[in-house]
Amino acid sequence: MIILGIDPGLRTTGFGVIEKHGNKLRYIASGTVKTGSEGQLPPRLKIILQGVSEIVGTYHPDCAAIEKVFVNVNPQSTLLLGQARGAAICALVHADLSVAEYTALQVKQAVTGHGKAAKEQVQEMVARLLSLPGLPGTDAADALGVAICHANSIDALAMLGALAPQLQGLRMKRGRLVG
């Protein structure tokens, strides 16, 4: 299974492509889509949309995962980041890919073992997990981390999906499942 991870950004959107074989992960590619820091918003969103579409066309992933937007101190920055993320998601769903979403905390937890990891720790662990000869750039490392997080979650999600019909009608009472 080929997984595309996206770390959305208005200036720089990171991408990472990995392959999952059982429990093994293999690096395929990573990089960035750059829009620059100047210019009108719509043309920059178009660059993200076209860039992600080109990546999908090149690597033909089976599924995709993207980092969720967090609310930061500046609401305007959060809104702009959300629009960049929306452009990337549009490219992914236009290619008929399923898109999973993960918070930065979930990604850091999956890659480093704790959710408060620094960017450098994520870079180091991504390089180790994928046996890379050097450290990827921060945006590419974050995107590869998103893909790794999804790769680790796929099996658990499949098991939950298989259990779902058996769990219908059950409810929780005092912390226990009851029928």
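These are my notebook entries on a few places I looked up in this structure.

**Ground rules**

The model is predicted, so I take local features only at pLDDT of at least 70 and side-chain atom pairs only at pLDDT 80 or more, while totals for chains, interfaces and linings use all residues. Residues are numbered from 1 along each chain as its sequence is written, and side-chain values use heavy atoms, with hydrogens and water left out.

**Entry: Lys-119**

I began with Lys-119, which sits in helix 4, residues 119–129. Helices here are DSSP runs of H or I with at least four residues, strands are runs of E with at least two, and both are numbered from the N terminus. (Buried is under 20%, exposed is over 50%, and partly exposed is in between, with a 1.4 Å probe and protein chains only.)

Next I looked up its partners. Setting aside neighbours within four places in sequence, Lys-119 is in contact with Thr-138 and Asp-142. Contact means heavy atoms within 4.5 Å. The side chains of Lys-119 and Asp-142 also make a polar contact at 2.4 Å. That term needs a pair of N or O atoms within 3.5 Å; within protein, one must be able to donate a hydrogen and the other to accept it, and residues adjacent in sequence count only if both atoms are side-chain atoms.

**Entry: the two faces of helix 4**

Which residues of helix 4 are buried? I noted Val-122, Gln-123, Val-126 and Ala-127. They lie on the same side of helix 4 because they cover an arc of only 130° around the axis. The arc is taken from the directions from the helix axis to the C-beta atoms. Glu-120 and Arg-128 are exposed, on the face turned away from that buried side.

**Entry: two positive phi values**

Most residues other than glycine have a negative phi. I then found Ser-131, in the loop between helix 4 and helix 5. Its phi is positive, near 55°. Ser-131 counts as exposed because its relative accessibility is 63%.

Asp-96 is not a glycine either, and it has a positive phi of about 60°. I placed Asp-96 in the loop between helix 2 and strand 5 (99–102). With 72% relative accessibility, Asp-96 is exposed.

**Entry: Thr-13**

Thr-13 belongs to strand 2, residues 12–21. Its relative accessible area is 1%, so I logged Thr-13 as buried. Its side chain reaches the backbone oxygen of Gly-9 at 2.7 Å. Beyond four places in sequence, its contacts include Ile-6, Gly-31 and Ile-48.

**Entry: Arg-85**

I found Arg-85 in helix 2. Arg-85 is buried, with a relative accessible area of 12%. Not counting residues up to four places away in sequence, it touches Pro-8, Ile-66, Glu-67, Lys-68, Val-69 and Glu-101.

**Entry: the largest pocket**

How much space lies in the largest pocket? I noted about 570 Å³. A pocket is an open set of points on a 1 Å grid over the protein atoms alone, where a 1.4 Å probe fits, with protein on both sides within 12 Å along at least five of seven lines; lining residues have an atom within 4 Å of a point. The lining has 23 residues, and Asp-7, Pro-8, Gly-9, Phe-70 and Leu-81 lie nearest the centre. Helix 2 (75–94), helix 3 (104–112), helix 4 and helix 5 (138–167) each give two or more residues to it.

Methods. Points joined across faces, edges and corners; volume = space filled by probe spheres on them.
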